Amino acid sequence: MTLPHAALSEEVGEIGVDWSGNDIVIEAISDPDVAGVTCHIAYFDRGVIDRLANGNWFEDPSNSSIACRQTGPVTVGDIDRSKDGENVFSASRSIIFKSIRVKRIFDESNNTLIYVAHARDIARGSAKVSISTVPLYDTDSALN
């Protein structure tokens, strides 16, 4: 599930981790408002055998890892500069309540974009967080 005006993802890799069909999936996400920045997010995808064994068909773990880099000339569009930042991407990890989200925050004093991948669970908060930064030095996109 993606958010309105949010980035779309493209699966670029899949690593089988055990005999029961569990995988680590790697997706590329281009920031829709910052041309030249791509994030790669990795997350666990449960296989059918694991779902049968554990009796939970409708939920995947929300653990994830993120790395964001400059992948071309950086052009920063109209981005949210508040401390809350803005959502760039969201993917559901259960039928209703749990998702992985990527939020972008602009650190103005260090001229750096911060990307945070975190779990969002309506029923329970989660401390599962991964962070990546993209410095904007030596680019025409530096935001002053």
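Modeller: Before we start, a polar contact is a pair of N or O atoms within 3.5 Å, and within protein one of the two must be able to donate a hydrogen and the other to accept it. Also keep in mind that this is a predicted model.

Colleague: Okay, so how long is the polar contact that joins the side chains of Ser-20 and Asn-22?

Modeller: Look in the loop between strand 1 (9-16) and strand 2 (23-30), where Ser-20 has its place. The cut-off for a polar contact is 3.5 Å. The side chains of Ser-20 and Asn-22 meet it, with a contact of 3.2 Å.

Colleague: Which other residue has a side chain in polar contact with that of Ser-20?

Modeller: Stay with the side chain of Ser-20 and look for a contact of 3.0 Å. The partner there is Asp-18.

Colleague: Is Ser-20 buried or exposed?

Modeller: Buried means under 20% relative accessible area. Ser-20 comes in at 9%, so the label for Ser-20 is buried.

Colleague: Now for another loop: where is Asn-111 found?

Modeller: Asn-111 is a residue other than glycine with a positive phi, near 50 degrees. Asn-111 is also buried, because its relative accessible area is 16% and the cut-off is under 20%. As for its place, Asn-111 sits in the loop between strand 6 (98-107) and strand 7 (112-121).

Colleague: How many disulfides does a search of the whole structure find?

Modeller: A disulfide is a covalent bond between the sulfur atoms of two cysteines. Here Cys-39 and Cys-68 form one, with their sulfur atoms 2.1 Å apart. For the whole structure, the search gives a count of 1.

Colleague: How many residues apart are Cys-39 and Cys-68?

Modeller: The disulfide pairs Cys-39 with Cys-68. It links distant parts of the chain, with Cys-39 in strand 3 and Cys-68 in strand 4, and the separation is 29 residues.

Colleague: And what is the handedness of the disulfide between Cys-39 and Cys-68?

Modeller: Both Cys-39 and Cys-68 are buried. The torsion about their S-S bond is about 105 degrees, so the disulfide is right-handed.

Colleague: Which residue in strand 4 is the bridge partner of Thr-38?

Modeller: Strand 3 and strand 4 run antiparallel and are joined by 9 bridges. On the strand 4 side, the partner of Thr-38 is Arg-69.

Colleague: Last one: which residue in strand 3 is the bridge partner of Ile-24?

Modeller: Strand 2 and strand 3 form a hairpin, with 3 residues between them. They pair in the antiparallel sense over 8 bridges. The strand 3 partner of Ile-24 is Phe-44.

Conventions. Residues numbered from 1 in each chain as written. Predicted model: local features only at pLDDT ≥ 70, side-chain atom pairs only at ≥ 80, totals over all residues. Heavy atoms only, no water. Helix = DSSP H or I, 4+ residues; strand = E, 2+ residues; numbered from the N terminus. Buried < 20%, exposed > 50% of the residue type's maximum accessible area, 1.4 Å probe, protein only. Disulfide = S-S within 2.5 Å. Pairing = 2+ DSSP bridges.
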